[in-house]
Amino acid sequence: RHIEALLLTAIYAARREIVLTTPYFVPSETLLTALRSAAVRGVQVILIVPKKVDSRLVRYASDAYNDDLLVSGITILHFGDGLLHTKSMVIDEQITIFGTVNFDLRSFELNFEVSLIAYDRQFSSEVRALQRQYESRSQALQLEQWRARPHWRRLLENAVQVMSPLL
């Protein structure tokens, strides 16, 4: 779980902005706490995920976290131009983590993953520019809109979330 520890360190070090892009967002409790903590202390946290994913179970598990994220002040953007497969995190446009790691337990514990960590403003600015392109082609999820979803959907999300370590 070294990559998770590295991500946590980067999140807790953030002062202004954290931007994450991932096709699968099913965070561990520690990662979720770190992101919420960053948002509460005034760091702008932006999560960019695809509007459609290739696994319904992963979508439901991921969506189960939306309420907590939105209430904490985290911006969730749904990328609408196909499957967003970029896995990146840019911290304060100074540090970039880019690679194969999804923000899920499977990536942290089971899969063999590779990530590049760059402490370089130029590289971080270029990756952030790519993320801004994704943002421009995304739609923000609104808390009121999210809470208006059907009750059966909430139950399904919570049931699948319990199985999230297996996804």
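At 23% relative accessibility, Glu 93 counts as partly exposed, where buried means under 20% relative accessible area, exposed over 50% and partly exposed in between (1.4 Å probe, protein chains only). The model is predicted, so that local features need pLDDT of at least 70 and side-chain atom pairs count only at pLDDT 80 or more, while totals for chains, interfaces and linings use all residues. Residues are numbered from 1 along each chain as its sequence is written, and side-chain values use heavy atoms, with hydrogens and water left out.

Glu 93 is placed in the loop between strand 5 and strand 6, helices (H or I, at least four residues) and strands (E, at least two) being DSSP runs numbered from the N terminus. Most residues other than glycine have a negative phi. Phi of Glu 93, however, is positive and near 50°, and Asp 92, in the loop between strand 5 (88–91) and strand 6 (95–99), likewise has a positive phi of about 50° although it is not a glycine. Asp 92 counts as buried, at 7% relative accessibility.

The axes of helix 1 (residues 2–13) and helix 2 (residues 29–40) come within 9 Å and cross at roughly 10°; the two helices are therefore roughly parallel to each other. By class, their contact has eight nonpolar, three polar and one charged residues. Ile 11, in helix 1, is buried with a relative accessible area of 0%, and, leaving aside neighbours within four places in sequence, is in contact (heavy atoms within 4.5 Å) with residues including Leu 31, Ala 34, Leu 35, Ala 38, Met 89 and Ile 91.

The largest pocket holds about 180 Å³ of space and is lined by Lys 51, Asp 63, His 78, Gln 139, Ala 140, Leu 141, Gln 145, Trp 146, Arg 149 and Arg 153. Strand 9 (138–140) and helix 7 (143–147) are the elements that give two or more residues to this lining. His 78, one of the lining residues, lies in strand 4 (residues 75–79) and counts as buried at 17% relative accessibility. Leaving aside neighbours within four places in sequence, the contacts of His 78 include Val 49, Pro 50, Lys 51, Arg 59 and Arg 137.

Note on methods: Axes fitted to C-alpha atoms, helices over the stretch in contact; angles between N-to-C directions. Parallel < 35°, antiparallel > 145°, perpendicular 65-115°, else oblique. Nonpolar A, V, L, I, M, F, W, Y, C, P; charged D, E, K, R; others polar. 1 Å grid on protein atoms, 1.4 Å probe; cavity = no way out; pocket = protein on both sides within 12 Å on 5 of 7 lines; lining within 4 Å. Points joined across faces, edges and corners; volume = space filled by probe spheres on them.
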